[in-house]
Amino acid sequence: MPDTTPDLPALPVTFRPGRTRAVLTVLAVITFAAITAVGMLLEGLGAGERLSFALTALLLAGVLCLLARPRVTADEAGVTVVNLTNKRRLAWAEILRVNLRQGDPWAFLDLSDGTSLPALGIQPGIARQRAIQDARALRALVEARSTAAPEGPRD
């Protein structure tokens with residue numbers, strides 16, 4: 001059977017959708033600037049109405065920044081998965097498998113408690129090949145470091 005596992009990345013390593021994050025961050029800045037500018041340039045608006053334009057722009061920019069937040073960070077002790085509104089720390093032994101199947105919007109981590117955790121930091125949206133490489137690298141790290149992995153070396 002040929003060895004298709006990638007070289008293990010040096011720890012700590014962070015996986016995140018770089019292009020998607022860049023697009024969302026630029027969009028957040030443009031959205032904030034455009035809506036605020038429209039609010040300031042419209043004649044006949046009071047201070048409260050102008051402020052409401054700026055606050056609406058800030059809210060929309062915040063949502064876009066929230067969408068740019070996901071990442072997966074692996075270090076010596078385990079993996080930290082940061083999704084849109086939550087953050088979860090996992091020990092290596094808790095992760096059984098890393099899945100990124102055809103058509104999946106992001107990678108999933110199969111956990112030892114029988115659940116599956118979405119890892120939005122690895123998503124094939126704009127950069128499919130990068131997401132596949134990241135999922136393979138994380139899978140190789142899990143296989144190398146997890147004591148719960150069924151394919152561990154035997155004495």
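**Notes on the predicted model**

1. T20 has a relative accessibility of 17% and counts as buried, since the limit for that class is under 20%. The model is a predicted one. T20 belongs to helix α1, which covers residues 18-41. Apart from neighbours within four places in sequence, the residues in contact with T20 are Q123 and I126.

2. Which parts of the chain build the largest nonpolar core? This core has 24 residues, and V79, L109, I122 and L138 are those with the most contacts inside it. At least two residues come from each of β1, β2, β3, β5, β6, β7 and α3. Helix α3 gives the most, with six residues.

3. Leaving out neighbours within four places in sequence, V79 is in contact with V72, T73 and A74, with R88, R89 and L90, and with W92, I95 and L138.

4. Helix α3 deserves a point of its own. The 18 residues of α3 should span 26 Å at 1.5 Å a residue, and the end C-alpha atoms are 26 Å apart, so the two values agree. Buried residues in α3 are A131, D134, A135, A137, L138, A140, L141 and V142. An α-helix has 3.6 residues a turn, so residues three or four places apart point the same way. The buried residues of α3 pack against β1 (13-15), β2, β3, β5 (95-99) and β6.

5. L120 sits in the loop between β7 and α3. Is this residue, L120, buried or exposed? With a relative accessible area of 11%, L120 is buried. Not counting residues up to four places away in sequence, L120 touches P17, P70, N83, L84 and W106. L120 and V82 are 38 residues apart in sequence, while their C-alpha atoms are 7.7 Å apart in space.

6. How many salt bridges does the structure hold? There are six salt bridges, and three of them are described in this point and the next two. One joins D75 and R89, with 2.7 Å between the closest N and O atoms.

7. E76 is exposed, its relative accessible area being 53%. R145 counts as partly exposed at 33% relative accessibility.

8. A further salt bridge is formed by R88 and D113, where the closest N and O atoms are 4.0 Å apart. R88 lies in strand β4, and D113 lies in the loop between β6 (107-111) and β7 (116-119), so the pair ties together parts 25 residues apart in sequence. R88 is partly exposed, with a relative accessible area of 31%, and D113 counts as partly exposed at 49% relative accessibility.

9. The last point concerns the surface. Which residues make the nonpolar surface patch of about 380 Å²? The patch is made by F32, L51, L55 and L58. Helix α2 (residues 47-67) gives the most to this patch, with three residues. L51 is placed in helix α2 and counts as partly exposed at 49% relative accessibility. Residues in such a patch need over 30% relative accessible area, so at 49% L51 is above that limit.

Notes:
Residues numbered from 1 in each chain as written. Predicted model: local features only at pLDDT ≥ 70, side-chain atom pairs only at ≥ 80, totals over all residues. Heavy atoms only, no water. Salt bridge = Lys/Arg side-chain N within 4 Å of Asp/Glu carboxyl O. Buried < 20%, exposed > 50% of the residue type's maximum accessible area, 1.4 Å probe, protein only. Helix = DSSP H or I, 4+ residues; strand = E, 2+ residues; numbered from the N terminus. Patch = residues over 30% accessible without salt bridge, like charges linked within 9 Å, V, L, I, M, F, W, Y side chains within 5 Å. Areas by Shrake-Rupley, 256 points an atom, 1.4 Å probe, with all protein chains shown as cover. Contact = heavy atoms within 4.5 Å. Expected span 1.5 Å × (residues − 1). Core = buried A, V, L, I, M, F, W, Y, C linked by side-chain atoms within 4.5 Å.
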